[in-house]
Amino acid sequence: MNPGTTRSPRRTAATALALALPLAALAACGSGGGTGTSAEQGSGTGTITVWAHQGQASEAAALQSAVRTFNSAQKKVKVKLTLIPDTDYTKTITATDASKLPDVMEFDGPTMANFVYNSKLAAIDDYVSAKTLANATDAIKAEGAIDGKQYGLGMYDSGLGVYGNKKLLDAAGITYPTGLSDAWTAAEFTDAVKKLAAKDSDGKSLDLQESGGYANEWGTYGFAPLVWSAGGSLLRNGKAEGALDTPAVAAALKTFQSWKRYTDPNTDGNAFAKGRVALSWVGHWMYPAYSKALGKDLVVLPLPDFGNGPKTGQGSWEWGIGAHTKNGKAAGAFLDSLLDDTNVTAMTTANGAPPGTRSALAKSELYRQGGPLQLFADQLAKPCGATTVDTSCVAVTRPITAGYPTVTAKFSQALSDVYGGADPKTALAKAARAIDQDFSDNDGYELP
């Protein structure tokens with residue numbers, strides 16, 4: 001990815017996280033066909049259709065190159081690629097009848113369960129090779145699995161951290177973490193924010209990427225880690241009440257609310273790069289711009305620990321097979337090629353994201369052991385999945401449910417309200433009730 005300094009970080013990061021995609025459009029999707037739809041194996045020869053989102057130019061070029069290489073390397077299968085603008089992509093899949101979808105398609109991780117629910121994706125276990133499945137990182141596999149079946153695999157992943165300005169931290173006499181093992185507690189993080197603000201002319205020391213607001217997917221991706229780190233969950237056993245609206249989660253959001261007075265609105269996207277603040281809460285995608293701006297003064301820190309260990313979001317675009325394909329064998333052959341080291345490395349070189357395969361991740365100049373973004377790899381090496389979130393894991397998958405659009409809409413609205421001054425306990429209780437009512441109205445979005 002190529003983050004610009006004049007555009008919204010959320011918009012710039014859309015290719016890695018699909019933060020701007022219209023997840024809410026999925027909520028209108030219907031009755032659910034479930035996991036019973038299986039792709040036909042087919043002959044393994046002929047032309048297959050592939051849909052992908054059109055992200056930044058460098059990503060599109062990497063994908064087009066992968067397709068050209070595949071088409072020229074063998075004569076059995078020909079791929080016909082269609083790129084769809086990222087702002088229209090999820091809406092297009094949602095609006096297209098399942099029987100009209102392509103043989104292979106890309107999808108944003110949190111939308112997967114809804115597409116499975118509506119019989120638009122088939123399990124890929126029988127079509128991709130055992131080698132491809134084994135080489136996928138545990139975090140990537142966790143995001144793409146339902147009930148023990150693999151529906152998606154990704155070329156890359158994502159992660160959150162706190163970027164720090166070493167020069168400003170040292171000047172304020174602040175000791176900062178060196179990795180996950182000594183992450184700041186929430187109280188230590190807040191204390192650092194206050195001390196840095198006291199040294200700053202405008203009293204602002206923190207960037208929380210607030211310029212686009214929080215009632216959106218950035219609100220959920222960026223700050224659900226507070227919920228998980230406080231021992232709560234967006235959803236537990238299909239219910240939000242008793243998971244999202246706990247006293248510990250309310251206390252965590254009260255702390256989040258307290259940071260507002262020290263937070264630069266960052267309307268120009270330059271708060272951290274220009275040295276107006278010493279700390280920036282954002283993801284891997286800002287590393288190129290921040291590294292260029294700060295050089296050796298840039299440090300990468302984990303998010304603070306609210307009691308259940310530091311946590312981060314994870315997940316990004318994945319690849320799967322259309323449930324109504326007549327040529328699953330050919331689709332799987334293409335995915336095997338797409339997810340090899342050459343193509344994964346080319347794509348992650350283009351967008352700066354953590355590679356989604358074990359072998360490419362181990363060799364990555366940015367994410368390998370000793371690399372400048374090793375922290376993100378360390379976090380992804382401790383995946384929680386979407387269910388059991390305890391002190392032993394760090395990277396949490398957003399809830400894998402066809403009802404995710406409701407979960408993210410209600411939680412992010414509550415987060416936004418709290419940041420604006422609302423009582424956390426009241427806002428969380430309202431969100432939990434709304435989520436549970438929606439799930440009740442839709443029979444829990446259970447897959448047949």
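Partly exposed is the label for a residue whose relative accessible area falls between the buried class, under 20%, and the exposed class, over 50%. Asp 138 gets that label because its relative accessibility is 39%. Keep this in mind as you look around the structure, which is a predicted model. Here's a quick tour of its salt bridges, its nonpolar cores, a charged patch and a few loop residues.

**Salt bridges**

- Side chains of opposite charge can pair when their charged atoms come close.
- This structure has eleven salt bridges.
- One of them joins Asp 138 to Arg 358, with 2.8 Å between the closest N and O atoms. Asp 138 belongs to helix α7 (residues 138–143) and Arg 358 to helix α15 (residues 358–363), so this pair ties together parts that sit 220 residues apart in sequence. Arg 358 is partly exposed, at a relative accessible area of 39%.
- Lys 166 and Asp 170 make another salt bridge, and their closest N and O atoms are 2.8 Å apart. These two are four residues apart in helix α8 (residues 166–171), which means about one helical turn separates them. Lys 166 is partly exposed at 29% relative accessible area, and Asp 170 is partly exposed at 41%.
- Lys 195 pairs up with Asp 191, and here the closest N and O atoms are 3.3 Å apart. Both are in helix α9 (residues 186–198); they are four residues apart, so about one helical turn lies between them. Lys 195 counts as partly exposed with a relative accessible area of 42%, and so does Asp 191 at 36%.
- Asp 264, Asp 268 and Arg 276 link up in a network of salt bridges.

**Nonpolar cores**

- In soluble globular proteins, nonpolar side chains tend to be buried together.
- The largest nonpolar core here has 84 residues, and Tyr 163 and Leu 279 are the ones that touch the most other members.
- Apart from that one lies another core, made of 50 residues, including Tyr 89, Ile 93, Ala 323 and Met 347.

**A patch of negative charge**

- On the surface, Asp 147, Asp 441, Asp 443 and Glu 446 gather in a patch of negative charge.
- You'll find Glu 446 in the segment after α18 (424–441). Glu 446 counts as exposed because its relative accessible area is 60%, and the cut-off is over 50%.
- Asp 147 is in the loop between β5 (145–146) and β6 (149–150). Asp 147 is exposed too, with a relative accessible area of 67%.

**Backbone angles to check out**

- Most residues other than glycine have a negative phi.
- Asp 147 isn't a glycine, yet its phi is positive, at about 50°.
- Ser 119 also has a positive phi, near 55°, and is a residue other than glycine. Ser 119 sits in the loop between α5 (112–117) and β4 (121–122). At 12% relative accessibility, Ser 119 is buried.

**A buried loop residue**

- Gln 56 is in the loop between β1 (46–54) and α3 (57–73).

Note on methods:
Residues are numbered from 1 along each chain as its sequence is written. This is a predicted model: local features need pLDDT of at least 70, side-chain atom pairs count only at pLDDT 80 or more; totals for chains, interfaces and linings use all residues. Side-chain values use heavy atoms; hydrogens and water are left out. Patches are made of residues with over 30% relative accessible area and no salt bridge: like charges are joined within 9 Å, nonpolar side chains (Val, Leu, Ile, Met, Phe, Trp, Tyr) within 5 Å. Accessible areas come from the Shrake-Rupley method with a 1.4 Å probe; for residues, only the protein chains shown count as cover. A salt bridge is a side-chain nitrogen of Lys or Arg within 4 Å of a carboxyl oxygen of Asp or Glu. Lys and Arg count as positive and Asp and Glu as negative; His and the chain ends are not counted. The place of a charge is taken as NZ of Lys, CZ of Arg, CG of Asp or CD of Glu. Buried means under 20% relative accessible area, exposed over 50%, partly exposed in between (1.4 Å probe, protein chains only). A nonpolar core is a set of buried Ala, Val, Leu, Ile, Met, Phe, Trp, Tyr and Cys residues joined through side-chain atoms within 4.5 Å.
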